[in-house]
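I opened this notebook to record what I looked up in the structure shown below. The entries follow the order in which I took up each topic.

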Amino acid sequence: MTAHEIDYRIYGEEMQYVEIELDPQEGVVAEAGSFMMMDDGIKMETIFGDGSQNDSGFLGKILGAGKRILTGESLFMTAFYNNLTGKRNVSFASPYPGKIIPIDLTEFRGKFICQKDAFLCAAKGVSVGIEFSKKLGRGLFGGEGFIMQKLEGDGMAFVHAGGTMAKKVLQRGETLRVDTGCIVGFTQDIDYDIEFVGGIKNTIFGGEGLFFAKLQGPGTVYIQSLPFSRLAGRVLASAPQGGGKDKGEGSLLGGLGNLLDGDNRF
């Protein structure tokens with residue numbers, strides 16, 4: 001497997017996008033909906049699966065599309081090719097505030113495992129597959145289910161982390177405990193399992209869930225400070241309920257209460 005050798009540059013701080021520079025005949029594949037802009041002369045093509053060599057032939061394409069359904073993604077991906085002479089640029093944007101992480105798969109022995117919605121784009125030739133959990137507890141309580149995505153090949157891939165990203169390099173036997181939703185991805189040698197929080201007060205009143213993700217080295221782990229599920233939960237909790245009224249409108253103080261708590265909308 002030989003992926004296209006692409007150059008890239010990441011722009012922005014909190015709402016980032018990655019600009020991929022394509023030489024003639026080079027290509028990049030991306031999740032549907034991540035496209036931002038492209039130069040004139042780049043050809044866009046919708047494909048089954050990830051378009052890697054693993055998906056060659058009709059059966060391979062069907063299997064490639066099927067495995068994407070298992071990860072909760074679309075049947076299709078989008079490929080962008082530079083069919084002209086000279087360099088052309090195509091850009092992809094992060095779906096919510098956070099950081100774009102470049103992953104050079106050659107540094108991780110050709111494989112990187114990430115959560116199902118973390119993948120953004122990759123050089124043409126990188127395989128986007130599925131990684132089944134072999135541990136029952138991890139599949140039932142790990143927050144990601146039995147299936148995660150795996151990126152395989154020898155090219156560049158880009159994943160997205162919500163909020164601020166932390167990179168942890170764990171030595172052999174070193175353990176890191178993480179909220180299950182905060183995992184972005186990890187290298188193939190990391191032993192990933194779940195661990196019960198323990199303690200009656202922690203379980204009932206802790207508010208952090210019943211389980212930690214337990215990651216044991218050696219290997220590299222990427223952690224996000226703001227998982228999209230947590231962001232969406234806070235937005236839904238603060239959204240107006242019952243015919244468009246917000247929480248302050250139904251209080252005894254009404255509009256005065258909004259002024260007192262700093263909500264100055266009129």
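**Entry 1: Nonpolar cores**

I looked up the largest nonpolar core and found that it has 39 residues, with F92 and L151 making the most contacts inside it. A nonpolar core here is a set of buried Ala, Val, Leu, Ile, Met, Phe, Trp, Tyr and Cys residues joined through side-chain atoms within 4.5 Å; buried means under 20% relative accessible area with a 1.4 Å probe, protein chains only. A second, separate core of 13 residues includes V178, C182, F186 and L215.

I note that this is a predicted model, in which local features need pLDDT of at least 70 and side-chain atom pairs count only at pLDDT 80 or more, while totals for chains, interfaces and linings use all residues. Residues are numbered from 1 along each chain as its sequence is written, and side-chain values use heavy atoms, leaving out hydrogens and water.

**Entry 2: F92**

Which residues are in contact with F92, leaving aside its neighbours within four places in sequence? I listed Y17, V18, I20, V28, A30, S34, F35, M36, F80, I100, L120 and C121; contact means heavy atoms within 4.5 Å. F92 in strand 7 is also the bridge partner of F35.

**Entry 3: The sheet**

I then traced an open, antiparallel sheet of four strands in the order 1-2-7-4. Strands are DSSP runs (E, at least two residues) numbered from the N terminus, and two of them pair if DSSP finds at least two bridges between them. Strand 1 (7-11) and strand 4 (35-38) are the edge strands, each pairing on one side only.

Strand 7 (residues 88-93) pairs with strand 4 over three bridges, and M37 has S91 as its partner there. With strand 2 (residues 17-22), strand 7 pairs over six bridges; I20 stands opposite V90.

Notes. Buried < 20%, exposed > 50% of the residue type's maximum accessible area, 1.4 Å probe, protein only.
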